[in-house]
Amino acid sequence: MELQLQYFLLLAAALFCIGIYGLITSRNAVRVLMSIELLLNAVNLNLIGFSNFLDPVAIKGQVFAVFVLTVAAAEAAVGLAIILAIYRNRETIDMEQFNLLKW
Amino acid sequence: MTHLFSQTVWLVPCYALIGAILAIPWSPGFIRRTGPRPAGYVSIFMTLLAFLHSLLALKEVWHQAPEYLSFSWLHAAGLNITLDLEVSAVTVGAAALITGLNLLTQIYAIAYLEMDWGWARFYSLVALFEAGMCLLVLCNSLFFSYVVLEILTLGTYLIVGMWYNQPLVVTGARDAFLTKRVGDLVLLMAVVALLPIAGTWNYTELAQWAQTANLDPKVATFLTLALIAGPIAKCAQFPLHLWLDEAMEGPYPATILRNTVIVETGAWVLIKLQPVLQLSPVASQVIIWVGAVTAIGASLISIAQIDIKRVLSYLVSAYMGLVFIAVGTGQTQTALILIFTYTIAMSLLVMSTGGIVLNNISQNLTQYGGLWSRRPISGICLLVGAGSLVALPPLGNFWALVEMGDFLWKTQPVLFGVLLAVNGLCAFSLARLFGLMFGGKPTDITLRSPEGLWLLVLPMVGVMGFTLHVPLLLLQWQLLPDLSTLNPSVIFLLVFLTLDGFALGSIVYLNENWQKPVRFGPQFLQDFFAYDLYTEKLYKVTIVLLVGIVSKAVYWFDRFIVDGFVNLVGLATVLGGQSLRYNISGQTQFYVLSILLGVSLLLFAIAVPLLNLSF
């Protein structure tokens, strides 16, 4: 069995789905951030897969992946800081407690 | 200058109308200090003017060909409505009769309404009636006849409802208005339908048109049936007769007018329309049989009444039934004479009983008796009125009835039988009225019964004098039938039945030994006639019930279906808002899910056309 682009894409899609599932269902805010990281990793898998199979010469996808990693790190830093800020006020990181807009 | 009065005969209704308006300020709410009497005097003065004017006009148009006056009332595109007046001996004579009777009635009312404060209302309404009736007899246009009939229907409502603090008055006025209104509305259908067919509303032109008209028999039948519906209600014919019974709750002086001239407004229109009614044989039959059934039924009902006014009101229906028979068989001339003689006789009857009711309070015949020695003038007036109402030579109605009987004898013997029966029954009813009131021993309420004020007696005696002169007047006007050409057996039978009725009534009711209250036949039959064939119940279980159910159903439909549907839209919106807000769950992750779903659906929608799906 030869490695094909489709497998990468399917793996990335599966990872994306798992990330979405975690993003929607997690009650812990940190797990939500972790799920976002999964999503971004799924995206990176796509980018690298495409650059490997479709653009092996210029490999622009890999450059994009480096940027995504950078921005993901920055986003995680900001995200954790926001969660910390909320925790200091609300004394909890349960997502279902953050419902100021409830009807 | 020779025709000054006949050319200005249109002033006759105007006098009365001015009188009606001038009487209003003496309503208790406007002139508070001086009492209501001037209202009556003003109205009487204006009536006197109208009476003199019509008499002078009558003198001018006597033996003259009819003149026609025309005023344009409305001119719209394609429709030209003119107020046509006919100035002939008949119309002006009718106006003189109306104003003369009004004059006497209004004088009578001065005495009758002595203890009443509502003179302004009474006199202005009576004057309104006078104006309406004068215009009705003068106008030569079906359209304006209808207009006047409607105004008089409203007038009836108001004048029957004069003493509106009495509950029976309120229901009586309601029934009088609605019943007459129904007839008028059906008449309106015919009036509206007649214009495109005949092209005119002028009676003279309608008569000319009817001679050569070639109508589809169905159209002619429906048209003529609708035309007679108005007079049926106006003349209190079966089955629209209950209103006249209930209208007896109104003031007595107004009853004089109602029983004589107001019910004849319908008969007048019927007579005027006779050429058109000839278009359909069905309509003639309907007129004849409505009249015949009413005449027989109402005279039987009249015998079974214990209320003085109602005894007379059913006789009104009966005699209007005879007029219907006359019109149905084509005897318009006889119908006019019958109306003339009947009017005089009936007004005398109502006037004479009114004076008695005024100072004996009760209208209940069973409580009366023994008035003859105390009230001779009223008694004589009642006798003269009774004699001249039935076929008793040489008094008034004899001539009209004999002429009518002779015609019916030759053409429709069954109807002659009806005429004989009605004549006999009416004679019996009148003898019963006289016997119960004037015969026998005085009762508690008649023990002290003085003759009325001179204002009450004067008009009554005046009418009596006129009644006695009616045959002479007819002779003078050459309106008497030629006795030599008439069938002697007709005369004999009519007079025999009259005398029979009088004799039988006298035997039963003037006889002290006859058990009172009198029992004829089975009790249920007596009750059947005493309760007016249960007409009130009949109305209640048929038309009133039907209209009541339909209106309730329509109300329910409006209230719950139509209104409910609109409310449902509002309610659904409110509920939608109330329930859809739960979409705002307050969960950040739910919002994220919504965004993701939205994005994926959008992408799917974009992608589907590109996928080139081919199955």
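The questions and answers below go from the whole of one chain to single residues, then to the other chain and the contact between the two.

Visitor: What kind of model is this, and how many helices and strands does chain B have?

Guide: This is a predicted model. The C-alpha trace of chain B spans about 115 × 60 × 60 Å along its principal axes. In secondary structure, chain B comes to 24 helices and 2 strands.

Visitor: What share of the residues of chain B counts as buried?

Guide: A residue is called buried when its relative accessible area is under 20%. Chain B has 615 residues, and the accessible surface of the chain comes to about 27300 Å². Carbon and sulfur atoms hold 72% of that surface. The share of residues that count as buried is 53%.

Visitor: Among contacts in chain B between residues at least 6 apart in sequence, what share joins residues at least 24 apart?

Guide: Thr334(B) gives an example of contacts within the chain: leaving out residues up to four places away in sequence, Thr334(B) touches Ala400(B), Glu403(B) and Met404(B). For chain B, among contacts between residues at least 6 apart, the share that joins residues at least 24 apart is 80%.

Visitor: Is Thr334(B) buried or exposed?

Guide: Thr334(B) is part of helix H16, residues 332-360 of chain B. The cut-off for buried is under 20% relative accessible area. Because the relative accessibility of Thr334(B) is 5%, this residue counts as buried.

Visitor: Which residues does Thr179(B) contact, leaving aside neighbours within four places in sequence?

Guide: Thr179(B) sits in helix H7, which covers residues 167-198 of chain B. Its relative accessibility is 10%, so Thr179(B) counts as buried. Leaving aside neighbours within four places in sequence, the contacts of Thr179(B) are Ala233(B), Leu240(B) and Trp243(B).

Visitor: How far apart in space are Ala503(B) and Leu69(B)?

Guide: Ala503(B) belongs to helix H21, residues 488-509 of chain B. With 36% relative accessibility, Ala503(B) counts as partly exposed. In sequence, Ala503(B) and Leu69(B) are 434 residues apart. From C-alpha to C-alpha, the distance in space is 51 Å.

Visitor: Which residue forms a salt bridge with Arg310(B) and lies 65 residues apart from it?

Guide: Arg310(B) forms a salt bridge in which the closest N and O atoms are 3.0 Å apart. The pair links distant parts of the chain, from helix H15 (residues 308-328) to helix H10 (residues 242-246) of chain B. The partner 65 residues apart is Asp245(B).

Visitor: Which residues are joined into one network with Arg310(B)?

Guide: The side chains of Asp307(B) and Arg310(B) also meet in a salt bridge, at 3.0 Å, N to O. Asp307(B) is buried, with a relative accessible area of 15%. Through salt bridges that share partners, the residues joined with Arg310(B) are Asp245(B), Glu249(B) and Asp307(B).

Visitor: Where in chain A does UniProt place the feature "transmembrane region"?

Guide: Residues 36-54 of chain A are 95% helix, with end C-alpha atoms 27 Å apart. Residues 66-87 of chain A are 100% helix, with end C-alpha atoms 31 Å apart. According to the unreviewed UniProt entry, the feature "transmembrane region" is at residues 6-24, 36-54 and 66-87.

Visitor: Which elements give two or more residues to the nonpolar patch of chain A?

Guide: Leu3(A), Tyr7(A), Leu10(A), Phe50(A), Phe53(A) and Leu54(A) make a nonpolar surface patch of about 600 Å². The elements that give two or more residues to this patch are helix H1 (5-25) and helix H2 (29-53).

Visitor: How many salt bridges are counted between chain A and chain B?

Guide: The two chains meet through 13 residues of chain A and 12 residues of chain B. They bury about 1100 Å² between them, 64% of it on carbon and sulfur atoms. Over all chains, the count comes to 15 salt bridges. Between chain A and chain B, the count is 0.

Note on methods:
Residues numbered from 1 in each chain as written. Chains lettered and ligands numbered in written order. Predicted model: local features only at pLDDT ≥ 70, side-chain atom pairs only at ≥ 80, totals over all residues. Heavy atoms only, no water. Helix = DSSP H or I, 4+ residues; strand = E, 2+ residues; numbered from the N terminus. Buried < 20%, exposed > 50% of the residue type's maximum accessible area, 1.4 Å probe, protein only. Contact = heavy atoms within 4.5 Å. UniProt positions renumbered as here; feature names shortened; annotations may be inferred. Patch = residues over 30% accessible without salt bridge, like charges linked within 9 Å, V, L, I, M, F, W, Y side chains within 5 Å. Areas by Shrake-Rupley, 256 points an atom, 1.4 Å probe, with all protein chains shown as cover. Salt bridge = Lys/Arg side-chain N within 4 Å of Asp/Glu carboxyl O. Buried area = accessible area lost by both parts, 1.4 Å probe.
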